[in-house]
Amino acid sequence: MPLRPEITGWFASKGWAPRKHQLSVLEATEAGASALLIAPTGAGKTLAGFLPTLNDLIENPREGLHTLYLSPLKALAVDVHRNLTAPIEEMGLPIKVEARTGDTPSHRRQRQRTSPPHILLTTPEQLALLLSHSDADRMFRGLKRVVLDELHAMVTHKRGELMSLGLARLGTLAPGLRITALSATVARPDLLRDWIASPVPDAEARLLIGEGGARPHIEILRSEERIPWAGHSTLYAIPELYEVIKAHRTTLLFVNTRSQAEMLFQELWAANDELLPIAMHHGSLAVEQRRKVEAAMAEGRLRAVVCTSTLDLGIDWGDVDLVVQVGAPKGASRMLQRIGRANHRLDEPSKALFVPSNRFEVLECEAALEAVERNAQDSEDPVSGGLDVLAQHVLGTACAMPIAPVALYEEIGRAWPYRELSWETFERVVDFVATGGYALRAYERYAKLRKMEDGRFRIAHPGIAQQYRLNIGTIVEEPMVKVRLVRGRGFTRGATTGPIGRGGRVLGEMEEYFFTTLAKGDTFLFGSEIVAFEGMFENEAYVSRSQGKDPKIPSYMGGKFPLSTFLADGVRKLLAHPDEWHLLPDQVSDWLRLQQEASVLPAPESLLVETFPRGAQNYLVCYPFEGRLAHQTLGMLLTRRLERARARPLGFVASDYALAVWGLGDFNALIRTGRLSLDDLFDEDMLGDDLEAWLDESQLMRRTFRNCAIIAGLIERRHPGQKEKTGRQITVSSDIIYDVLYQHEPDHILIQATRRDAARGLLDIERLGHMLARIRRHIVHKPLDRISPLAVPVMLDIGKVPVMGEARESTMAEAAEELIAEAMGIGAEQRKRAN
């Protein structure tokens, strides 16, 4: 079926013509196929997704839900609603389009179930909610199309797992369903095509590649100021950034964390002599504030917005003429996505500027620049499905209708992340939902399903469905914990009495994740003092004052995104090719030449390990370039092994690029005499018993379990007619259940889900394992009598007192000068070259 005259006339009135890839989506749909469209930002992907819907509804008018659009962001659904409604009204079409999010009034959501629009724009959580009602069959049986926007951003997380199960359910309710997926950046399109083909296996799934746009114009800021050695502040570049903002209509400044966004916004505002309209946008701001910023952006009233990943995706702002990446991008695909925010038009080149925060980030930005020029992709592959998400879906399906296990198992197998789910595991998940599992079946409150005479399962009582709908979803907010100073007899954790000596003052709050990596006695920096971790009770962390000079684990204020494997390879290659150093600022290339003179440079396929004394301690510094998460885990495991080797380690610090361990033992002597083997120290078997022992001692498993238990519905945050549970109440319940399961049913499905999450996300075990395999028998040891130039950045993180503002920059610069002078020996000329 060709495009209807109403649509071709609308294109002509705008002076446009449909693009080839837009027509290819229409052709695939007309042929009864699903389709994955991969095209750059600004290529009109969203319109391509809806053209078949508009064409069909003009040709075959009907009532009821025709197309379901699923977005990873509520703001994106609202934006698409605005951009889709305008052409429909301009064409004079009687097509109803509505958005459905958590902010939609309840009376409208109720009406959407009984009288749905032709096109419904919503999120994966709202789909799960709709599928949990008994009228889901009536609402969805006539559904013809599903449009998945920004698919690459969904399939690597639990929200994607939940969405895949919802799509498999839709495939059962609407057998003629076809899926169109839209993605701007993807490394392995074949996997995404398989992902969307899985729920409707009888239909062909086509891979459509849109034509490329104009090549982006990207530069790295060549500052005349001294580039910091370490840290994640870009205060040195504030004056130059302000001049850049003044020279452009609208600038988006991306940072990697909310705290960095706050700091950059404050510094830019302080420099804003001309009172330019500058705003900030991140996930912690109130919804109303974010909507105001988005509206002001759409109307072209802002000159600059400092933002995090909340603006990575899809929203159309054609007036943005520059994207600034403040700090290294950490991934090539993410950077391509962000660069696409500039112009958002296919025929005009996007313009971007990289602003590195430190000298290692200069190398990373150069690697990212090369990757973008090659249009290289390093997006993550889709993940396999978690059992906690599956348990939530099983209960949700039972809320709508009694479930037949065999039929539900076959349906779940059509969700790509669960394509390899075994019947035995599925049975255990159903048993968990029905009874809580072996260790919890004696407790009535965990019995949510009842088995019927015909073998099907129904919910135990109607309140279960209400409870489920209040707690749906896979997003669990990262809680904050109070840090309390222990007085008196110290900390003793009892099952009923809690900690002894809990009357100390509260020092402040920190993100709970930090404490999940600590063992009792570990020291860290909080405020301006060094404290020792004593333990956790409920939602409080207990610490005591430490007499040590340096913290074992300094607080890390880096980005939340780890360095991608692709960019890590690029940094290693750049280090190994001095003929490319002319691309770098003189102060950075001089630094690398000093490393050549004083030590050696890391080679791409080996691991450089430097050992040297400094003061009363000895240091081991290695350069894996595998990202902070993998390095944190490696540091934890190395210190355990060094303790067994009697090297007396005191602590470690990890960055995206390097890992430093320090202790009282003489590492040089231990290695030279054979009492310490680096091959044994970095052996892959550390991911066996050492990892298990550390997990048993740390809080990581407990806190990860809590998140899995919330997602699986074992612990419920909200109850009908009651206030939402506090983080403390949830933690108390979670800790008790974890202790019971760990002792009596260690293979419980939630314990399995917890181990999967810890290994995949918080510890980056897979990446660490690949690194250990890669460097096996390729370790280069360089014994030194002093610190090396390359070690200076990571050494600056040891014992660093958090000083904010300009004082922080000058303090770090002075410390770096001292370390470089020490690395090269006393020499004014060398100090001048290094700085």
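Which residues in α14 meet which residues in α20?

Reply: Bear in mind that this is a predicted model. On the α14 side, the contact is made by Leu 363, Glu 364, Glu 366, Ala 367, Ala 368 and Ala 371. Facing them from α20 are Phe 566, Leu 567, Gly 570, Val 571, Leu 574 and Leu 575. Sorted by class, that contact comes out as 9 nonpolar, 1 polar and 2 charged residues.

As for geometry, α14 covers residues 359–373 and α20 covers residues 565–575, and their axes come within 8 Å, crossing at roughly 110°. That angle makes α14 roughly perpendicular to α20. The crossing is right-handed.

The structure holds 4 cavities of 30 Å³ or more. α15 (387–400), α18 (462–470) and α26 (700–712) each supply at least two of the lining residues, with α26 giving the most, at 3. Among the residues lining this largest cavity are Gln 392, Leu 395, Lys 448, Tyr 468, Ala 712 and Gly 713.

Some of those names come back in the second largest cavity, where Leu 395, Lys 448, Ala 712 and Gly 713 are part of a lining that also includes Phe 432, Val 433, Gly 436, Tyr 446 and Leu 714. This second cavity has about 60 Å³ of space, and its lining divides into 6 nonpolar, 2 polar and 1 charged.

Note on methods: Residues numbered from 1 in each chain as written. Predicted model: local features only at pLDDT ≥ 70, side-chain atom pairs only at ≥ 80, totals over all residues. Heavy atoms only, no water. 1 Å grid on protein atoms, 1.4 Å probe; cavity = no way out; pocket = protein on both sides within 12 Å on 5 of 7 lines; lining within 4 Å. Points joined across faces, edges and corners; volume = space filled by probe spheres on them. Helix = DSSP H or I, 4+ residues; strand = E, 2+ residues; numbered from the N terminus. Nonpolar A, V, L, I, M, F, W, Y, C, P; charged D, E, K, R; others polar. Axes fitted to C-alpha atoms, helices over the stretch in contact; angles between N-to-C directions. Parallel < 35°, antiparallel > 145°, perpendicular 65-115°, else oblique. Left-handed = near helix turned anticlockwise from the far one by under 90°. Contact = heavy atoms within 4.5 Å.
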